Amino acid sequence: MSIIIRDEFPADIEAIHALTIAAFANAPHTDNTEQFIVKALRDSGALALSLVAQLGAAELVNGGEDGKQLVGHVALSRVEIIGNGSELDWFGLGPISVAPAQQRQGIGTELMLAAMARLEALGAGGCVLLGDPAYYQRFGFAPVPGLVLPGVPPEYFMARRFAGDWPAGEVRYHSAFSATD
């Protein structure tokens, strides 16, 4: 399967919304608000990086629509680390979505690798996420003592550092992560 990873275009917004709903429809540990989070991040100007995975040319010949069949998306936004100063340039990854029919085919991996490469190229200090350690540890994420997300078991809150010292403190995501519609 040939996948193209690119920045989102305005014409992708509806497809990203539908993709996110489908990706999380049967997922455990969700309140099914991920599509609202992405929208709220975008609407508030807090969506720092939004990448999509699109089927490549060979796959589009076999059923794609207008060369824009999206099969994945990842959102990144800045986070604040209280107790370490707000000058840090750290990001939060999520949500990350892959169309149910294309899950377990490497699309999430390609999105993760592209997102990490882009953050590093931008000079980010690091990235945090909430997720399954068995999946995200292979991308260099691990729990970091002293870096906490309140109310979350520490083994599921992980970080990856690109530059500088490890921060310490309470991580706060953008208020869009409270969106429910």
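Trainee: How exposed is Asn32, as a relative accessible area?

Mentor: This is a predicted model, so take the value as computed from it. Buried would need under 20% and exposed over 50%, with partly exposed in between. Asn32 counts as partly exposed, and its relative accessible area is 34%.

Trainee: What is the phi of Asn32?

Mentor: Look in the loop between helix H1 (13-24) and helix H2 (34-43), where Asn32 is found. Most residues other than glycine have a negative phi. Asn32 is not a glycine, yet its phi is positive, at about 55°.

Trainee: Is Arg104 buried or exposed?

Mentor: Arg104 sits in the loop between S5 and helix H4 (107-121). Arg104 also has a positive phi, about 65°, though it isn't a glycine. The cut-off for exposed is over 50%. With a relative accessibility of 87%, Arg104 is exposed.

Trainee: Which residue does a cis peptide bond join to Gly94?

Mentor: Most peptide bonds are trans. Here the omega is about -5°, and the bond is cis. Gly94 is joined to Pro95.

Trainee: Which strands stand at the edges of the open sheet?

Mentor: The open sheet has 3 strands in the order S4-S9-S7, with mixed pairing. An edge strand here has a single partner strand, so one side of it is left without a neighbour in the sheet.

Trainee: What is the bridge partner of Leu147 in S9?

Mentor: S7 and strand S9 (residues 169-172) run parallel, joined by 2 bridges. In S9, Leu147 has as its bridge partner Gly169.

Terms used:
Residues numbered from 1 in each chain as written. Predicted model: local features only at pLDDT ≥ 70, side-chain atom pairs only at ≥ 80, totals over all residues. Heavy atoms only, no water. Pairing = 2+ DSSP bridges. Helix = DSSP H or I, 4+ residues; strand = E, 2+ residues; numbered from the N terminus. Buried < 20%, exposed > 50% of the residue type's maximum accessible area, 1.4 Å probe, protein only.
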